[in-house]
Amino acid sequence: DRVAQILAADPDAWYPDQYNNPDNVDAYRDLALELQSQLGDVDVLVCSVGTGGHSAGVAKVLREFNPDLLLIGVDTIGSTIFGQPSQSRLMRGLGSSIYPDNVDYDAFTEVHWVAPAEAVWACRALAATSYASSGWSGGAVALVAGWAARHHHPDTTIAAIFPDGPQRYFDTVYNDDYCRQHNLLGIEPPAEPAIIADHTERVVDSWTRCTTVRKPAAAAR
């Protein structure tokens with residue numbers, strides 16, 4: 001609503017509208033070509049989903065080289081994108097309380113929802129063992145990508161995209177006081193996610209997998 005007010009009041013104002021602007025999707029072609037150049041054909045792509053831009057844009061281009069690419073979406077609990085009810089969300093950088101037009105529902109093979117404590121565990125484990133650091137979305141993606149690696153043949157090429165580094169998360173993910181305040185420490189994720197057959201089956205509150213991905217009825221309206 002505030003953006004609409006600014007646009008109405010200022011003729012020089014410009015709104016990139018990253019949720020619905022197709023340029024968001026198209027802008028990821030270079031990243032996809034970089035992945036293809038460095039990795040060869042990608043078999044499994046793991047992406048967090050917020051605006052829907054990088055999952056749609058990268059998958060579309062990589063499928064030009066490998067039409068059988070599997071796309072795994074990673075969302076946060078409390079996000080509406082894949083049909084769960086909207087709730088208060090602690091994690092930032094993935095998830096949404098709206099239905100972005102840039103989300104390409106038909107492109108996804110499956111979706112995983114991840115809880116904040118699980119993402120924190122994955123972030124810290126990754127930093128401690130592989131010296132790679134990221135934020136909420138990177139931790140959630142790392143958790144799911146690790147699961148995918150365990151469930152595919154060792155020769156499978158799996159690409160996992162970390163949207164950013166740790167700099168914006170020193171006061172949250174990597175701050176012990178913050179994590180204690182929100183009960184995020186000492187909770188190790190299970191080896192396997194819970195499974196639901198459809199996003200309408202139940203409200204998820206921890207790492208959960210669904211292999212039926214369809215556009216929510218509310219988004220279609």
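## Salt bridges

There are 7 salt bridges in this structure, a salt bridge being a side-chain nitrogen of Lys or Arg within 4 Å of a carboxyl oxygen of Asp or Glu. The model is a predicted one, where local features need pLDDT of at least 70 and side-chain atom pairs count only at pLDDT 80 or more, while totals for chains, interfaces and linings use all residues. Residues are numbered from 1 along each chain as its sequence is written, and side-chain values use heavy atoms, with hydrogens and water left out.

Let's start with Asp 26 and Lys 60, whose side chains meet in a salt bridge at 3.5 Å, N to O. This pair ties together distant parts of the chain: Asp 26 sits in helix 2 (residues 22-26) and Lys 60 in helix 4 (residues 53-65), 34 residues apart. Helices here are DSSP runs of H or I with at least four residues, strands are E runs of at least two, and both are numbered from the N terminus. Asp 26 is partly exposed at 44% relative accessibility, and Lys 60 is partly exposed too, at 46%. For these labels, buried is under 20% relative accessible area, exposed is over 50%, and partly exposed is in between (1.4 Å probe, protein chains only).

## Two more pairs

Asp 176 and Arg 124 form a salt bridge at 2.9 Å, N to O. Again distant parts of the chain get linked, with Asp 176 in helix 7 (residues 176-181) and Arg 124 in helix 5 (residues 116-130), 52 residues apart. Asp 176 comes out partly exposed at 35%, and Arg 124 is partly exposed at 24%.

Then there's Arg 168, which pairs with Asp 164, the closest N and O atoms being 2.8 Å apart. Arg 168 counts as exposed, with 66% relative accessibility.

Six strands make an open sheet with mixed pairing, in the order 4-1-2-3-6-5; two strands pair if DSSP finds at least two bridges between them. Strand 4 (158-160) and strand 5 (194-195) are at the edges with a single partner strand each, so one side of each has no neighbour in the sheet.

Strand 5 runs parallel to strand 6 (residues 208-210), joined by 2 bridges. Ala 194 has Thr 208 in strand 6 as its bridge partner. Helix 4 packs on the sheet and touches strand 1 (44-48) and strand 2 (70-76), contact meaning heavy atoms within 4.5 Å.

## A loop residue

Ala 13 lies in the loop between helix 1 (2-9) and helix 2, and is partly exposed at 25%. Beyond its neighbours within four places in sequence, Ala 13 is in contact with Ile 6 and Leu 7.

Conventions: Axes are lines fitted to C-alpha atoms, for helices over the stretch in contact, and angles run from 0 to 180 degrees between N-to-C directions.
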